[in-house]
Amino acid sequence: MSLATLATMQDEVKALARERDAVILAHNYQVPEVQDVADYVGDSLGLSRQAAATQASAIVFCGVHFMAETAAILSPDKTVLIPDLDAGCSLAASITADQLRAWKAENPDAVVVSYVNTTADVKAETDYCCTSGNAKAVIEAIPADREILFLPDLYLGLWLERVTGRRLKIWMGECHVHAGIRPADIVRWQEEAPDAEFLVHPECGCASQCMAFGNERTHILSTEGMVKFAKSSPKNRFLVATEVGILHRLAKEAPGKRFEPVSEEALCRYMKMITLEKLRDSLRDWKHVVAVEPETAARARLAIERMVAIA
Ligand code: 13P
Ligand code: SF4
C-alpha cells in the first residue's frame with residue numbers, strides 16, 4: 001500500500017470511529033499503521049482499564065480474541081468489535097474450562113489465578129485474573145497460607161515463584177512466540193552488545209528469563225513496562241525479547257534511542273491478522289461483534305475486576 005493510500009485509509013478509519021462513537025484500542029503487538037490510528041495503545045492491563053473506563057458506545061479491539069472478550073465482560077452495555085474473529089491466542093487455547101474444573105476438583109482448597117490470556121469460560125472458573133503487568137502484586141495479595149493454582153503460562157508461573165518466593169501449582173501452557181525466543185540468542189547478544197539493556201517478557205522460556213537473576217542489565221517486564229523503562233532509562237540501547245510489534249511503540253515513545261529485537265522471528269500471527277483494512281471494514285460494516293453469555297460474564301467479571309484494581 002502506498003503512503004498516500006495508507007494515509008487516506010487512516011483518515012477513513014478515524015472518521016468512521018467518530019461517526020460511530022467508537023474508541024479504538026490496540027495492543028502493543030499490532031502493526032504500526034493500526035497502532036497509529038488507535039485512541040490508546042498499551043498492554044493487556046492498560047487496555048482492560050481503558051475498556052472499563054471508556055465513555056464511547058463501542059470499542060473496536062485491535063488485539064486477540066480473549067482481549068476483546070475481556071472488554072465485553074467489563075463493559076457489558078457497549079458493543080465490542082474485533083476486526084478478525086480468527087485472531088486467537090495459542091496460550092489461551094492451552095487450557096479449557098473442563099480441564100480447569102478437573103484441576104480444581106483435585107485441589108479443592110486452592111485459589112485459582114489465571115493469566116488474562118484465557119477464554120471467558122476459563123475466567124468464569126477463576127478467583128483472580130492477572131496480567132504480566134501486575135501478576136506479582138496479585139500473587140502477593142493472596143494470603144501466604146493459601147495454595148495457588150496458576151495458569152496457563154508455565155514460564156510466567158516459574159518467574160512468579162522466583163520473585164514472590166511462593167510455591168505455585170503451575171499449568172504447563174506456553175506461548176509459542178515467547179517460548180521460541182532461544183537463550184542462545186540472548187547469550188549472543190549479551191556478548192555482542194555489552195552497552196545494551198535487555199527487556200525480557202516473562203512469557204519467554206525459563207532459561208532466557210533466568211539470565212535476569214544476578215544480571216543487572218536484564219529486566220523482566222510486561223510490554224507496557226518495557227515502554228516505561230526505556231523512556232526513563234538514561235541508557236540508549238535496548239535488546240527486546242518479546243513480539244516484534246512492540247518495536248514501533250518503543251521507537252515512537254523513546255525517539256533517538258536504539259531498539260533491536262533479540263529474535264526477528266518473534267512474530268505473533270494472530271496479532272498480525274488485524275490489518276488497517278479489516279479495522280476499516282469492522283467500523284464500516286459493524287463486525288465482528290464479540291459477546292459473552294451473561295452468566296459466564298457475571299462469573300468472570302469478579303476475577304477481572306480484581307485484576308484491574310490491583311496495581
Ligand atoms: P502484555 O500484557 O505484556 O501486553 O502481554 C500480552 C501478551 O499477549 C503477551 O504475549
Ligand atoms: Fe497469545 Fe503469544 Fe500471541 Fe501473546 S504473543 S497473543 S500469548 S500467541
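Predicted model: local features only at pLDDT ≥ 70, side-chain atom pairs only at ≥ 80, totals over all residues.
I number residues from 1 along each chain as its sequence is written, with chains lettered from A and ligands numbered from 1 in the order in which they are written. Local features need pLDDT of at least 70, side-chain atom pairs count only at pLDDT 80 or more, totals for chains, interfaces and linings use all residues, and side-chain values use heavy atoms, with hydrogens and water left out.

Next I turned to ligand 1, whose shell holds 1 nonpolar, 8 polar and 2 charged residues. Its surroundings include His27, Asp43, Ser132, His201, Glu203 and Thr223.

I looked up its polar contacts, each a pair of N or O atoms within 3.5 Å. An oxygen atom of ligand 1 lies 2.6 Å from a side-chain N or O atom of His27, a polar side-chain atom of Thr223 is 2.7 Å from an oxygen atom of the ligand, and for the side chain of Glu203 the distance to a ligand oxygen is 3.1 Å. The protein covers 96% of the 300 Å² of accessible area that ligand 1 has on its own, by the Shrake-Rupley method with a 1.4 Å probe.

I then checked aromatic pairs, in which ring centres of Phe, Tyr or Trp (its six-membered ring) lie within 6.5 Å, and the count came to 2. Phe238 and Phe259 form a stacked pair, 5.2 Å centre to centre with 20 degrees between the planes, where stacked means planes under 30 degrees apart. This pair links strand β11 (residues 237-241) with strand β12 (residues 258-261), its members being 21 residues apart; strands here are DSSP runs (E, at least two residues), and helices are runs of H or I of at least four, numbered from the N terminus.

Last, I noted the backbone. A cis peptide bond joins Leu151 and Pro152, with omega about -10 degrees, and Pro152 is in the loop between β7 (148-151) and α8 (154-164). Another cis bond joins Lys287 and His288, with omega about -5 degrees, and His288 lies in the loop between α14 (276-285) and α15 (294-309).

Terms used:
Near = heavy atom within 4 Å. Polar contact = N/O pair within 3.5 Å; in protein donor to acceptor, adjacent residues only side chain to side chain. Nonpolar A, V, L, I, M, F, W, Y, C, P; charged D, E, K, R; others polar. Phe/Tyr/Trp six-rings, centres within 6.5 Å; stacked < 30°, edge-to-face > 60°.
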